[in-house]
Amino acid sequence: MSGGHLIGAFLEMMSAERGAAKNTIAAYRRDLADYAGYVAGRQQTLLTVDRDTVNAFLDRLKHDGLSAASSARRLSAIRQFHKFLCADGMRGDDPTRIVASPKSRRALPKVLSLAEVDKLLTTAEAEANKEASPQKQATAQRLYVLLELLYATGLRVSELVSLRRSAVMRDASFLTVIGKGSKERIVPLNDRARDAVKAYAATLEKDEVFLFPASGADGYLSRQVFARDLKQLAMDAGISPSRVAPHVLRHAFASHLLAGGADLRVVQMLLGHADISTTQIYTHVLDEKLRTLVETHHPLAEG
């Protein structure tokens, strides 16, 4: 069977058995046709191609300027194709089995300093307590509570804005959070956040379902409105708005906890990460702490 027919059979399986979308099928077709052409240029076929050729193909993609993420997606398509050939008995081995996936270097998350977070909270609290029109004061109080909760819990912004009133547990000492994949976790609140959310919840209508209600289709505050209000607060606090966003506060929560000595797995649980490898992006904080510790306390460190 020719390379084109093998790819066609694979794509038919992906469409019929796995329900792959048309765009996915089209992308696989392009990627596999490119791969098949490269293999043919090395005097091999899709049934005889070896691991060295697969690695050489990835090297060519890198040389052509393709990003690590795009190369990894190409390799994923090639892996699935070769698994299909093995499963259907057309090949006895999989040349991609121990090929390393191209890895992109993840950028370190933007993090605010403790002083900057304190400035944001202090400014938000002052705005919430300032005499203003009822609507403006309600907006300022909501923003203050959102900020206290975000920095106290490290919630994803989608989890935060959609919190139900019933999520506040045990005299507001804990929150029940529904995260990705509808997984539930319980997150503790510090005293400041607890006091803020208790006072704020008391101002809501008794039949209100959401902690941060809004008139939109979802019934709760949109992420965009929160992000906009947060950037305005940053300006009021004398911090560049480009450095402040809800996810930056989530990063600050994790980084500051680790810098304070928290266990990485505890931070993983609080953030709702399914895999600790996701949380390990914050270990740059631990690396810096360790370096400072050695420089400060090593007997040969310069005084």
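In this predicted model, the axes of helix 2 and helix 4 approach to within 10 Å and cross at roughly 80°. That angle makes helix 2 roughly perpendicular to helix 4. On the helix 2 side, the meeting residues are Tyr28, Asp31, Leu32, Asp34 and Tyr35, and their counterparts in helix 4 are Arg74, Ala77, Ile78, Gln80, Phe81 and His82. Sorted by class, the residues of this contact comprise six nonpolar, two polar and three charged.

Helix 4 also packs with helix 3. Helix 3 (residues 51-63) and helix 4 (residues 68-87) have axes 10 Å apart and an angle of about 150° between them. Because this angle is over 145 degrees, helix 3 is roughly antiparallel to helix 4. The crossing of helix 3 past helix 4 is right-handed. Here Val54, Phe57, Leu58 and Leu61 of helix 3 meet Ser71, Arg74, Leu75 and Ile78 of helix 4. This contact of helix 3 with helix 4 is made up of six nonpolar residues, one polar residue and one charged residue.

Helix 4 itself can now be considered along its length. With 20 residues at 1.5 Å a residue, helix 4 should span 28 Å, and this agrees with the 28 Å between its end C-alpha atoms. The buried residues of helix 4 are Ser70, Ser71, Arg74, Leu75, Ala77, Ile78, Phe81, His82, Phe84 and Leu85. These buried residues pack against helix 1 (3-16), helix 2 (22-41) and helix 3. After helix 4 comes glycine 89, which has a positive phi, near 75°.

Leaving out neighbours within four places in sequence, glutamine 44 makes contact with Val39, Val49, Asp50 and Thr53. The backbone of glutamine 43 deserves a mention too. Most residues other than glycine have a negative phi. Glutamine 43, although not a glycine, has a positive phi of about 60°.

Alanine 172 is not a glycine either, and its phi is positive, at about 65°. This residue sits in the loop between strand 1 (168-169) and strand 2 (174-178). With a relative accessible area of 3%, alanine 172 is buried. Not counting residues up to four places away in sequence, alanine 167 touches Phe174, Leu175 and Thr176. Alanine 167 and tyrosine 200 are separated by 33 residues in sequence, and their C-alpha atoms are 14 Å apart in space.

A further helix pair is formed by helix 6 (residues 134-153) and helix 9 (residues 223-236), which pack at an angle of about 95° with their axes 11 Å apart. Helix 6 is thus roughly perpendicular to helix 9. Helix 6 contributes Thr139, Arg142, Leu143, Leu146, Leu147 and Leu150 to the contact, and helix 9 contributes Val225, Phe226, Asp229, Leu230 and Leu233. The contact of helix 6 with helix 9 contains eight nonpolar, one polar and two charged residues.

Helix 10 is mostly covered, with eleven of its 14 residues buried. The buried residues of helix 10 include Pro246, Val248, Leu249, Phe253 and Leu258, together with Arg250, His251 and His256. Ala252, Ala254 and Ser255 are buried in helix 10 as well. Glycine 261 follows helix 10 and has a positive phi, near 105°.

Methods
Residues are numbered from 1 along each chain as its sequence is written. This is a predicted model: local features need pLDDT of at least 70, side-chain atom pairs count only at pLDDT 80 or more; totals for chains, interfaces and linings use all residues. Side-chain values use heavy atoms; hydrogens and water are left out. Buried means under 20% relative accessible area, exposed over 50%, partly exposed in between (1.4 Å probe, protein chains only). Helices (H or I, at least four residues) and strands (E, at least two) are DSSP runs, numbered from the N terminus. Axes are lines fitted to C-alpha atoms, for helices over the stretch in contact, and angles run from 0 to 180 degrees between N-to-C directions. Angles under 35 degrees count as roughly parallel, over 145 as roughly antiparallel, 65 to 115 as roughly perpendicular and the rest as oblique. A crossing is left-handed if the near helix is turned anticlockwise from the far one by less than a right angle, and right-handed if clockwise. Contact means heavy atoms within 4.5 Å. Ala, Val, Leu, Ile, Met, Phe, Trp, Tyr, Cys and Pro count as nonpolar, Asp, Glu, Lys and Arg as charged, and the others, Gly among them, as polar. The expected span of a helix is 1.5 Å times one less than its number of residues.
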